[in-house]
Amino acid sequence: MITRRRLVTGACALLMALPLGLLPTGTASAEPASDENAPKVELTLDVSGSMRKRDIDGRSRMAAAKQAFNEVIDAVPDEVQLGIRTLGARYRGDDRKEGCKDTHQLYRIGPLDRTEAKTSVATLAPTGWTPIGPALRAAADDLEGGEGSRRIVLITDGEDTCAPLDPCVVAREIAAKGINLTVDTLGLVPDAKTREQLSCIAEATGGTYTSVRHTEELTDRVNQLVDRTADPVAVPRPTEGSRTCSQAPKLRPGLYTDREKFGQHRFYRVEVPPGKELRASVSIGADRAVHNDYGVLLRAVTVHGREIVRGSEAGDGRTDLISTGLRYPKMPADEDEAPAETVCLQVSNSFSAPASVKTEPGLPLELTVDLVESPHEAADVASFGLGRGWWMLGALTLSGLLAGLLWGWLSRWRNPVRRGH
C-alpha cells in the first residue's frame with residue numbers, strides 16, 4: 001500500500017512538472033528594464049537617538065530595522081534599482097540647525113549589489129535628530145530622471161524635529177511636480193502625532209501609511225512596497241466610495257485607496273462580463289489608537305441588494321492592518337453580446353476607538369479589483385457557485401436532509417435485527 005501511494009505521488013509530481021518543462025525558456029524571466037526606465041525605490045531610514053528604544057519584539061527599533069532591511073535586500077526584484085538614505089545618522093551634537101541638515105545617501109540608487117547594501121546598513125547606530133522634511137526633499141532629488149515608477153519608503157519612529165519645514169508641505173511640493181513619485185510611510189510604534197504626520201505625507205502623494213509593532217510586519221510591508229514599484233499597474237489610484245450602491249463609483253481592475261470612518265459602509269461598482277471571475281480584496285489600517293477587537297467585511301451584492309458572496313476577517317490588536325477577500329465567477333453566456341453584470345462591492349469595518357481619538361480623516365483603505373478568466377473545470381467548486389450565500393445554505397440543508405433520512409432508515413433496519421436475536 002505504501003509503495004503504491006509513493007508511485008501515485010511521484011506520478012502526480014511528474015505530471016505537474018511536465019508543463020513547466022515544455023514552456024519556452026524565454027518565459028522564465030522578464031527582460032531587464034533599461035537604466036532610464038527602470039523602477040526605482042529609495043528606502044529612507046530614521047537613525048535618530050530614539051531608535052535605541054527596545055520595544056519591538058524585545059529588541060531595539062534599530063535592530064528590527066536592520067533585520068528587515070537585510071531580508072528586503074535579499075528579495076528585491078532584479079529589475080528594481082534600490083537606494084538607501086538615512087536621516088539623523090551622523091550628527092551627535094545639540095545644535096538644531098546642524099542636526100536638521102543630517103541626511104545622507106548611504107547607498108546610491110542603481111543596480112543592486114546586495115552585499116554592499118547590507119554592509120552599509122550594518123554600520124548604522126542611532127545618533128541624532130529627525131529631519132524628515134529635508135530627507136524627503138533630498139530623496140526626491142535622488143530619484144529624479146527617467147520614466148519608470150519611483151517610490152520613497154520612509155521608516156521612522158517619530159515626528160519631524162526640524163520645524164518650520166513641514167514634511168506635509170514637502171510631500172505636497174513633490175506631488176505638485178508630477179514626476180510619478182509616491183511616498184509610503186511606516187511608523188515604528190508610533191504615537192498620535194507621528195501617525196497624523198506620516199498619514200499626511202503619504203496621502204499627499206497617493207502613498208500609504210502603516211503602523212508597525214513587529215519586525216515581521218516591517219519586513220512584509222517594505223517587501224510589498226518594493227514589489228509594487230516593480231509593477232506600475234499596482235500604483236494605487238484614489239477613489240471615493242459611496243453610501244449607496246446606485247451612486248458608487250465604477251472601478252476597473254487595479255488598486256485603489258480610500259478613507260473609511262469607524263463603523264462605516266462604502267460601496268464600489270464593478271462590471272463583470274460573462275466568462276470572467278471577479279477577485280477583490282480589501283485592507284484597512286488603523287493609523288491611530290483603536291480598541292483591540294475589530295473586523296472587516298467585504299460583500300459582493302447585486303444592484304438590488306442580494307448578497308452573492310462575502311469575505312470577512314477579525315483582529316485582536318496584534319497588527320494594525322486587517323485584510324479579507326472574495327471570488328465571484330460568472331459562467332460564460334450562450335450569446336456573444338451578453339451584457340455584463342453590475343456587482344457592488346460593500347466594504348464595512350467594526351473599528352472603534354476611545355472618545356478622545358479623532359474620526360477625521362477616515363481609516364486608510366486599499367481595495368484591489370481584478371477580472372480573470374472564469375473557471376471551466378467542474379472540479380472547481382467556485383464554478384458551481386458554492387459559497388455564494390443561499391447556494392451554500394441550500395447545499396447544507398439538502399445534505400442534512402439526506403443524512404437524516406439515511407440515519408432513520410438504518411435505525412429502523414437495526415431494531416428488527418436486534419429483536420430477532
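These are my notebook entries on a predicted model and what I looked up in it.

**Ground rules**

I number residues from 1 along each chain as its sequence is written, and side-chain values use heavy atoms, without hydrogens and water. Local features need pLDDT of at least 70 and side-chain atom pairs count only at pLDDT 80 or more, while totals for chains, interfaces and linings use all residues.

**Entry: the open sheet**

I looked up a sheet of five strands. The sheet is open, with mixed pairing and the order β7-β8-β15-β10-β13. Its edges are β7 (237-238) and β13 (321-329); each has a single partner strand, so one side of each is left without a neighbour in the sheet. Strands here are DSSP runs (E, at least two residues), and helices are runs of H or I of at least four, both numbered from the N terminus. Two strands pair if DSSP finds at least two bridges between them.

**Entry: β10 and its partners**

I then followed strand β10, residues 276-285. β10 runs antiparallel to β15 (residues 363-373), and nine bridges join them. Ser283 has Glu366 in β15 as its bridge partner. Arg279 stands opposite Asp370, also in β15. Nine bridges also join β10 to β13, again antiparallel. There, Leu278 has Tyr328 as its bridge partner.

How many of the 10 residues of β10 are buried? Seven are, so β10 is largely enclosed by the rest of the structure. I call a residue buried under 20% relative accessible area, exposed over 50%, and partly exposed in between (1.4 Å probe, protein chains only).

**Entry: β1**

Next came strand β1, residues 40-46. Seven of its seven residues are buried, so β1 is largely enclosed by the rest of the structure. I checked both faces. Lys40, Glu42, Thr44 and Asp46 are buried on one side, and Val41, Leu43 and Leu45 are buried on the other. In a regular strand the side chains alternate between the two faces of the sheet.

β1 pairs in the parallel sense with β4 (residues 150-156), over six bridges. Leu45 stands opposite Ile155 in β4. β1 also pairs in the parallel sense with β2 (residues 81-87), over seven bridges. Glu42 stands opposite Gly83 in β2.

**Entry: two helices**

I compared the length of helix α8 (residues 215-230) with expectation. Buried residues of α8 include Leu218, Val222, Leu225 and Val226. Among the others buried there are Glu217, Arg221 and Arg228.

In helix α9 (residues 390-420) I found Leu398. With Leu402 and Leu405, Leu398 makes a nonpolar surface patch of about 320 Å². Patch residues have over 30% relative accessible area and no salt bridge; like charges are joined within 9 Å, nonpolar side chains (Val, Leu, Ile, Met, Phe, Trp, Tyr) within 5 Å. Areas come from the Shrake-Rupley method with a 1.4 Å probe, and for residues only the protein chains shown count as cover.

**Entry: the aromatic pair**

Which residues form the one aromatic pair? They are Tyr294 and Phe351, stacked at 4.5 Å centre to centre with 15° between the planes. Rings of Phe, Tyr and Trp (its six-membered ring) pair with centres within 6.5 Å; planes under 30 degrees apart are stacked, over 60 edge-to-face, the rest tilted. Tyr294 is in strand β11 (residues 294-301) and Phe351 in the loop between β14 (341-349) and β15, 57 residues apart. Tyr294 counts as buried at 5% relative accessibility, and Phe351 counts as buried at 4%.

**Entry: salt bridges**

I searched the whole structure and found 21 salt bridges. Each is a side-chain nitrogen of Lys or Arg within 4 Å of a carboxyl oxygen of Asp or Glu.

Arg114 meets Asp78 at 3.3 Å, N to O. Arg114 lies in helix α4 (residues 114-122) and Asp78 in the loop between α2 (61-75) and β2, so the pair ties together parts 36 residues apart in sequence. Arg114 is partly exposed at 26%, whereas Asp78 is exposed at 72%.

Glu360 meets Lys261 at 2.9 Å, N to O. Glu360 lies in the loop between β14 and β15 and Lys261 in the loop between β8 (254-260) and β9 (265-272), so this pair ties together parts 99 residues apart in sequence.

Arg310 and Glu307 form another, with the closest N and O atoms 2.9 Å apart. Salt bridges that share partners also join Glu42, Arg85 and Asp142 into one network.
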